Amino acid sequence: MATWTAFATSQPGLASAIRTLMQQYGPGLGYLATVRSDGGPRVHPVSPVITDEGLFCFIVDSPKRRDLDRDGRYALHSFPPEDSDDEAYLAGHAHAVTDLARITRLAGDLRAEPHVDWRLYEFTIDVAMLARHGRGGATPLTTDITHRPAVQVWRDHAPSVEIVIAASGDSQA
């Protein structure tokens, strides 16, 4: 499991593109998938925070926070852009941040409301994916596809980034 900082250091171009998609509307916007107590998936909209220090999320008392406390596995998908079907995906483990100085610094820097029952989590990364769908989009309405989506996949402890050019009908995420 790599920290965001380690991932961004090893793959600066991929990390920058993922960060751009996650923060395309200013603050981070995405969908967080967690694991319910019965093993099923749960999906929530969240505002991930990416800084030079890491990938974080302030989570209020909620089912998603209880999921993360019980089973830290997560998947995070970018909010869809208005002008393309490009997408970013991260998966790994969430860990509650317990260092009070770090919590105070990040909360102050990011203007987290101090009187709300939130907990700060850092997300480590096992898998990162970026899909560029191009002009045809992810689901083109014509069979005349001149541009195939390009998908970059990074896995922690893998020697390099895998580049996949998808064929028509292939699913990537």
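I first looked up Y31 and found it in strand β1, residues 30–35, where strands are DSSP runs of E with at least two residues and helices are runs of H or I with at least four, numbered from the N terminus. The model is predicted, so local features need pLDDT of at least 70 and side-chain atom pairs count only at pLDDT 80 or more, while totals for chains, interfaces and linings use all residues. Residues are numbered from 1 along each chain as its sequence is written, and side-chain values use heavy atoms, with hydrogens and water left out.

I noted that Y31 counts as partly exposed because its relative accessibility is 32%; buried means under 20% relative accessible area, exposed over 50%, and partly exposed in between (1.4 Å probe, protein chains only).

Next I turned to helix α3, residues 63–70, in which K64, R65, D67 and L68 are buried. They lie on the same side of α3, because they cover an arc of only 155 degrees around the axis, taken from the directions from the helix axis to the C-beta atoms. The buried residues of α3 pack against β1, among other strands including β2 (41–46) and β4 (54–60).

Of its 27 residues, I18 and L90 touch the most other members. The largest share of this core, 6 residues, comes from α2.

Notes
Contact means heavy atoms within 4.5 Å. A nonpolar core is a set of buried Ala, Val, Leu, Ile, Met, Phe, Trp, Tyr and Cys residues joined through side-chain atoms within 4.5 Å.
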